[in-house]
Amino acid sequence: MNSVQRSYFDHNATTPLAPEVLETMVSCLGQVYGNASSIHYFGQAAKQRLEQARRELAQLIHANPTEMVFTGGGTEADNLAVLGAVRASAQADRHAITTAIEHPAVMAACAQLEREGVAVTRLAVGSSGVVDPDDVRRALRPDTVLISVMHANNELGTIQPIAEISRIAREAGVPLHADGVQALGKIRVDVNELGVDLYSLSAHKIYGPKGVGALYVRKGTRLAPVTFGGHHERDRRPGTENVPAIAAFGAAAVLAGQRLDADAEHLAALRDRLECAVLERIHSAGVNGSRWKRTPNTANLYFDGVDGEAMVIALDLRGFAVSTGAACSSGAITPSHVLTAIGLGSERARASLRFSLGRSNTAAQVDALVDALELSVAHLRRISVHA
Amino acid sequence: MPEAPIAVAMSGGVDSSTVAALLARQGHAIVGMTMQLWNQRRLPELAAEGGGAGRCCSLDDVYDARRVAGQIGVPYYVVNFERQFEEQVVKPFVADYLAGRTPIPCTLCNNYIKFDRFLEMADAVGARMMATGHYARVRYDAASGRYQLLRAVDSSKDQTYFLFGLTQQQLARTLFPLGELTKTEVRELAQSMGLAVAAKGDSQEICFVPNGDYAAFLSAYLKESGMEAGATRGPIVSTGGQRLGEHAGVHHFTVGQRRGLGVATGEPLYVISTDPRTQSVVVGRKEELLRGDLQAREVNWISIAGLTEPIRAEVKIRNKHAAAPATLGPTGDPKRVRAIFDDPQRAVTPGQGAVFYSGELVLGGGWIE
């Protein structure tokens, strides 16, 4: 088992730590142990690293460092944005607009708001997997207090028209949150061009460590805290800052900024190589969602008549790490809500796989993956394991 | 690829963990898989008492299975068959109770999930054989050209009663490494191999029903499906047709049951039968539970090809029953068998299995009509 060559095609789940990032993190872990709130030398050293990382991250998204709030990850950033923005409104009736293809971190936070009496509209998307800004306009109500639309979708890679939606939001005077976790490092992110008020980020999707994220909060945006404690992060996220992880996030951001164009070109070429080969060599297979307007690294493909769960296992045993379109971990039986939202029947949704490429992938790995896919699909179709 | 791996169904219990570890120790390539069959977070009203410990598909069981797989260094996956389990095991289980039968979901699970869906998954990942922790033995008999099923060496643990539905194709690809061992030996082996689950308790009979309270499960399930459990309310009548009282639903009763009838007469009363048509529960004296024969439907033959003439066999009519001598006779229908007991048997219960043995050999079995 351990003798097989392994290649990793699941970078939307998480990425390996970049060597430069690892170096920053380890040196910080060993040396910068002060509490960034302490007055003394050790505290000041930690504070310096913290603020450097804040500047590095802010620069990547063209924000002001004072607008960056570090969190314990992307999920926490989404929760803080959605819950914090809505709870900051003192209105008696409150309404939020989101989409049917959000990450669970936004979906579940919206469900929590509903339990608190907030009305929530979930916008449908067409087969392209892209939200129509006019739908946002039509969903607006006098009591709308938040619009939350993800920037890039984690399963399809489709990019949402955030800039257009922000013009609608601004006209209506409603704050706009975008979950940018899957966009950062893959496409250019400029919070001013996008016009967002809140924007969620996560380090481990850009070759940084797990357990650290950030929320961009445009100056003047009202946000109620969701956790309570000390006065860290401008009272928005209490708790002693995880300085080594945050410093590593900063290093990952610098790297992402330097490599953005080269990475995008490299990944798009590999992604297209993968898709073209699959479409050419495997019949009854295709691409889910729009092939345009998507992040360069993500391909979501269906293989009719094949059980995606079985495919993931078969490919893993051959050394290829991919993931299903369907959530199949312990406890879930429903096919992916994203694939269902773009109109896939449950059979095709269960026959879908997500391939998300990253810096370390090579053309040779992609070619080997396609060979393995061809074999596995043929084998599964032959024994007719139905999805 | 190297040698085709063996897919081991790992439940997180001591038996299947020992199977995985044994096969790995023998040098086989192994793929461990845990079947996620039922979401224990469903029907939350049932969760309050049990707490989830020791029930199938709890996160603890997956944790244990994963831990063992890590310990013995084999690839491990959780495969989700909840959809199939609900369709092919839970729904028939509920329907049987509502129809006045007493079902055995484990047999359905073996027939349609463990030795069907799981085997398909094994195929899918390139495994030729599958192995489980069942206490039973499979043997190929060259003379008849058939795969035979035999009772486990440890008669107190023998699980062949639940395996009567296995086809020749399924048996040809199945390994039961524990069939030759006693439970004590299995625990000792688990201990000697340092398995984390060596001292774990045995699982319950019906994995998705907390604390064995199937009536509470049925009520909760019916409520979730929008059905009123009270709709199966009806009268309790004597075998003589006398109305003795009311009951809260036929699914609370099973043939042979004595407790919980809620009617008092001079002598102890037992459930003799239930009639789903009139929703009535028929009660009577202990002797009235005795039956001299039974008809089994959907019979599956294992160690023999079928019946051409009456043969002698021992027939087991529930898991805890000591198989009783009987004569099996063919009927006009090859899928049906009539068994005439040498001595009348207590509580021949529709919905349970009738499994035919000849000594340690399992000839076949069917469902009691």
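The structure is a predicted model, in which local features require pLDDT of at least 70 and side-chain atom pairs count only at pLDDT 80 or more, whereas totals for chains, interfaces and linings use all residues. Residues are numbered from 1 along each chain as its sequence is written, and chains are lettered from A, with ligands numbered from 1, in the order in which they are written.

Chain A is divided into domain 1 (7-15 + 260-382) and domain 2 (19-255); domain bounds come from an automatic or database domain assignment. The C-alpha centres of these two domains of chain A lie 28 Å apart. Contact, defined as C-beta atoms placed from the backbone lying within 7 Å, involves 24 residues of domain 1 of chain A and 26 residues of domain 2 of chain A. On the domain 1 side, helix H9 (243-281), strand S10 (298-303) and helix H11 (337-341) of chain A each supply at least two residues. Helices (H or I, at least four residues) and strands (E, at least two) are DSSP runs numbered from the N terminus. H11(A) gives the most to this side, with 4 residues. By class, the side comprises 7 nonpolar, 14 polar and 3 charged residues, where Ala, Val, Leu, Ile, Met, Phe, Trp, Tyr, Cys and Pro count as nonpolar, Asp, Glu, Lys and Arg as charged, and the others, Gly among them, as polar.

For chain B, the assignment gives domain 1 (6-133 + 177-212), domain 2 (229-284) and domain 3 (290-368). The C-alpha centres of domain 1 of chain B and domain 2 of chain B are separated by 36 Å. Their contact takes 5 residues from domain 1 of chain B and 8 residues from domain 2 of chain B. The domain 1 side of this contact has 3 nonpolar, 2 polar and no charged residues.

The largest nonpolar core contains 145 residues, of which Val8(B), Ala20(B) and Val125(B) touch the most other members. Such a core is a set of buried Ala, Val, Leu, Ile, Met, Phe, Trp, Tyr and Cys residues joined through C-beta atoms within 7 Å. A residue is buried if 20 or more other C-beta atoms lie within 10 Å of its own, exposed if 12 or fewer, and partly exposed in between, with C-beta atoms placed from the backbone. Beyond four places in sequence, the residues touched by Val8(B) include Ser16(B), Val19(B), Ala20(B) and Leu23(B). A second, separate core of 90 residues includes Leu57(A), Leu83(A), Ile101(A) and Val196(A).

Helix H1 (residues 14-25) of chain B is mostly covered, with 11 of its 12 residues buried. Among the buried residues are Val14(B), Asp15(B), Val19(B) and Ala20(B). Their cover includes strands S1 (6-9), S2 (30-36) and S4 (129-131) and helices H3 (59-72) and H7 (183-192) of chain B. Gly27(B), which follows H1(B), has a positive phi near 95°.

Positive phi also occurs at non-glycine positions. Tyr207(A), with phi of about 70°, lies in the loop between strand S7 (198-202) and strand S8 (213-217) of chain A. Tyr207(A) counts as buried because 28 C-beta neighbours lie inside 10 Å. Gln279(B), with phi of about 55°, is found in the loop between strand S10 (270-275) and strand S11 (280-284) of chain B. Gln279(B) is partly exposed, with 17 other C-beta atoms within 10 Å.

Definitions and conventions. Contact = placed C-beta atoms within 7 Å.
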